[in-house]
Amino acid sequence: MSKIIVIGGSAGSFRIVSKILASIPAKYPFPIVVCMHRLRNIRSCFVETLSINSNFRIKEVFDKEKIQASTAYIAPANYHLYINFGKSFSLSVEPPVNHSRPSIDMTMETAAEVYLDEVVGVLLSGANNDGARGMKKIHENGGATLVQDPDTCEISTMPKSCLQLFTPTYVLDVETIIEIILNLDV
Amino acid sequence: MPEISIVDTKNIIRAIKLKYKVDLGSFQLNTLRYKLDRILSDQHLQYPDILITRLIEDSEFYSELIDNIYSSDIELFRDPEFWSEFSGILSEQIIINTEQVNFLLPVCSNGFELYSLMIFLEEKAFFDKSHITVLYNSSTADKIHSSNTGFKISHLGLENFSKLFPDTEMEKYFFNKGNQYFFRKEKMSLIKKSKHEILTGKIKNKYQIIFFRDRLINFEASTQEQIIKKLSASLVKNGVLILGYRENPGKFIRNSGIFETIDETNRIFRKIV
């Protein structure tokens, strides 16, 4: 089974996600799913801005879209994003979780169920505890969990919440996170 | 992680089918699962098995559960970019040489899509040319139409309203009672309503515009196609189907030759045959 990278972030993470995606070469073999808290009533320009400095294919998810390699999928504004058995996405308009829609937990939990130990979860800067539960699920299912070092975060609440829940595989600065992502084995 | 697993979800589907002959297997599994998990938590039930027992023994609880399953958390003027662009699309591409427009809103759940449409039509001076029919399941109609019930408009909904209509006061359409806004019901009498189940019910009349935003996503892919075909049959020629901007229109819309795309981004499709 192929790996999948699932990145979650909130306040202070946009710049980091841009940097990560700008570092990914066009033929990077794995799919990357990015679940970021964003303004819920604005849909335009988010993906376009992320794509400016990146050669990697970046797109916003459509409901029931199949997950393909070498693509970064962005959770659209104001929908929850699930990963289904059969390696496809589905969207929902269930109530916000932790005041968030998309919920990082929901995306990561469903990824962990489908991809098991092939998930690499990455949790970045943010101002609430969304993502902590999802990262724990990834960890419990044997996947790798990379948490941004709270000392390097613009807002450290999100990574710290994760660290309070369990001990992740690594706690790293952004450059090292990027290095690990780039050097994952097929 | 939700307390309800995929296996639990399937057990609940099976139990409901056995007892009530209703098949929830057409719902998207993860969506259904998270809904059931929320119900489990709201009802303070510890285990999915207890939920199943309660569903089998208490038909009123079962009805409430079905209402919950069909409900959604769509806010007032969801996706304001759509509403900004819809006025131009409506007048330039949809209502052309037409004196009256019939709208259909199937699977209307919490009222906000209906209120959004009514306010929009009023503000753009289309309301008097419009007939709106809404199809609800069971008790939702009472909640939306009753003068004694209201819905708390979220901060996001208020923001959307202000953004779209900066010169219009909320109080023109809503009155405040406690911490809830109630829609002024004077115009609700102009709305036709009917109880309807989207999967098994027939849609009797034909319409010019079907508003079906972010409802398809609740269903599995094969069920989505069935629903689209049903809605297609309920459109007049040159009628328009509107989906949510991230919804997948599916093979029937893309490949059947029955539809053309008016607006890809806003997922607006015209029936040409």
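## Salt bridges at Arg101(A)

A salt bridge is defined here as a side-chain nitrogen of Lys or Arg within 4 Å of a carboxyl oxygen of Asp or Glu. In this predicted model, Arg101(A) forms such a bridge with Glu75(B), the closest N and O atoms lying 3.1 Å apart. Arg101(A) is also bridged to Asp73(B), with a closest N–O separation of 3.4 Å. This second pair crosses between chains: Arg101(A) sits in the loop between S6 and H3 of chain A, and Asp73(B) in the loop between helix H4 (59-70) and helix H5 (80-94) of chain B. Helices (H or I, at least four residues) and strands (E, at least two) are DSSP runs numbered from the N terminus.

Seven salt bridges are counted between chain A and chain B; over all chains the count is 23.

## Conventions

The model is predicted, so local features need pLDDT of at least 70 and side-chain atom pairs count only at pLDDT 80 or more, while totals for chains, interfaces and linings use all residues. Residues are numbered from 1 along each chain as its sequence is written, chains are lettered from A and ligands numbered from 1 in the order in which they are written, and side-chain values use heavy atoms, leaving out hydrogens and water.

## The interface of chains A and B

Contact (heavy atoms within 4.5 Å) involves 32 residues from chain A and 38 residues from chain B. The buried area, meaning the accessible area (1.4 Å probe) that the two parts lose on being put together, summed over both, is about 3000 Å², and carbon and sulfur atoms give 47% of this area.

Across the interface, 26 residue pairs are in polar contact, both residues at pLDDT 80 or more. A polar contact is a pair of N or O atoms within 3.5 Å; within protein, one must be able to donate a hydrogen and the other to accept it, and residues adjacent in sequence count only if both atoms are side-chain atoms. On the side of chain A that touches chain B, strand S5 (80-84), strand S6 (88-92), helix H3 (104-115) and helix H4 (132-140) of chain A each supply at least two residues. H3(A) gives the most, with four residues.

## The sheet of chain A

Seven strands of chain A form an open, parallel sheet in the order S3-S4-S2-S1-S7-S8-S9, where pairing requires at least two DSSP bridges between two strands. Its edge strands are S3 (57-60) and S9 (170-172) of chain A, each pairing on one side only. Four bridges join S3(A) to the parallel strand S4 (residues 71-74) of chain A, and Glu60(A) has Ile74(A) as its bridge partner in S4(A).
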